[in-house]
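Here is a short briefing for a first look. Please keep the sequence and the structure side by side as you read.

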Amino acid sequence: MTAATRNELKPVLVFDSGIGGLTVLREARLLMPERGFIYVADDAGFPYGGWEEEPLRARIVSLFRDLLAAYEPEAVIVACNTAFTLAGGDLRAAFPAMRFIGTVPAVKPAAERTRSGLVSVLATPGTVKRAYTRDLIQSFASQCHVRLVGSENLARMAEAYIRGETLDDAQVLAEIAPCFVDKDGARTDIVVLACTHYPFLANVFRRLAPWPVDWLDPAEAIARQARRMVPLVEGAEHPDGFDFAVFTSGQPNFSTRRLMQGMGLSMASADDAGFCR
């Protein structure tokens, strides 16, 4: 393959409200080693869970107008349940030529795997209240008892934890306790991690859970869908100058920069994409 051909191989952009999408990026890189990756964290807007719908929808579409113009990716992985369940349709309508791979709560595989029929969806408040989420349950899990649990604090806790901060067990347990239902001799056996930040805490969840459950992480499934949608170029090599991360605040702290470095991501300036923070 010539250098010119390699240069024509467009990158894949991974978008999240914070650093939770790194769980998806990790899987996507394994399946698409020939592609460069751009990781975009909208830390200036983090966390998304408490936003009102219309301002957040407008923000996301505006950000993507800048991102797509600046980086011209082959495809976009929206590695954020809150963002995609709210604005996925708007993004596809606004940018019809772009491939968008969305992240939605893994309700269907949970309904297929559960033995007890008791499933919980651990998400942000925004994802829990979204009609999209309830439509998923109606379409794929109508025979199950599905409990929606919207945590106000877990996304922040996960960001702190992955940066090396210590969490209080009691505070974490308070956030996940509503997921565990004991009803008519049956118990919750699957908890859907419907926020890409939450898998960072999976080992903590397992340790604190009142009984064992399957913590369903959708990252691998999202990466497989991305691989199906992104053309495989035989003989292509990973391009020079990738992979890098962009934070919309333009001011990621030292621990965040160190984390990005550990993931093999260099830092780019948010100004390069013309963000209006």
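What covers its buried residues includes β5 (118-123), β6 (145-150), α8 (154-162), α10 (202-208) and β10 (214-216). Contact here means heavy atoms within 4.5 Å. Helices (H or I, at least four residues) and strands (E, at least two) are DSSP runs, numbered from the N terminus.

This is a predicted model, in which local features need pLDDT of at least 70 and side-chain atom pairs count only at pLDDT 80 or more, while totals for chains, interfaces and linings use all residues. Residues are numbered from 1 along each chain as its sequence is written, and side-chain values use heavy atoms, with hydrogens and water left out.

**Confidence**
- The average pLDDT (the predictor's confidence in each residue, from 0 to 100) is 90 for the protein. A score of at least 70 is reached by 94% of the residues.
- Residues 1-7 stay under 50. The model has six contacts beyond four places in sequence for them.

**Helix α9**
- Val172, Glu175 and Ile176 are buried in α9 (residues 169-176). Buried means under 20% relative accessible area, exposed over 50%, and partly exposed in between (1.4 Å probe, protein chains only).
- These three lie on the same side of α9, because they cover an arc of only 90 degrees around the axis. The arc is that of the directions from the helix axis to the C-beta atoms.
- Ala170 and Ala174 are exposed on the other side of α9.
- Aspartate 168 caps the N-terminal end of the helix. One of its side-chain oxygens lies 3.1 Å from the backbone nitrogen of alanine 170.

**Strand β11 and its neighbours**
- Strand β11 (residues 244-247) is covered on both faces. Phe244 and Val246 are buried on one side, Ala245 and Phe247 on the other.
- Strand β2 (residues 37-41) pairs with β11 in the parallel sense, over four bridges. Two strands pair if DSSP finds at least two bridges between them.
- Isoleucine 38 has phenylalanine 244 as its bridge partner in β11.
- Strand β12 (residues 266-268) runs parallel to β11, joined by three bridges. Methionine 267 in β12 is the bridge partner of alanine 245.

**Backbone details in loops**
- The peptide bond from phenylalanine 46 to proline 47 is cis, with omega near -5 degrees. Proline 47 lies in the loop between β2 and α3 (53-71).
- Glutamate 72 is not a glycine, yet its phi is positive, near 45 degrees. Its place is the loop between α3 and β3 (75-78).
- Aspartate 184 also has a positive phi, of about 55 degrees. Aspartate 184 is exposed, with a relative accessible area of 78%.

Note on methods
Polar contact = N/O pair within 3.5 Å; in protein donor to acceptor, adjacent residues only side chain to side chain.
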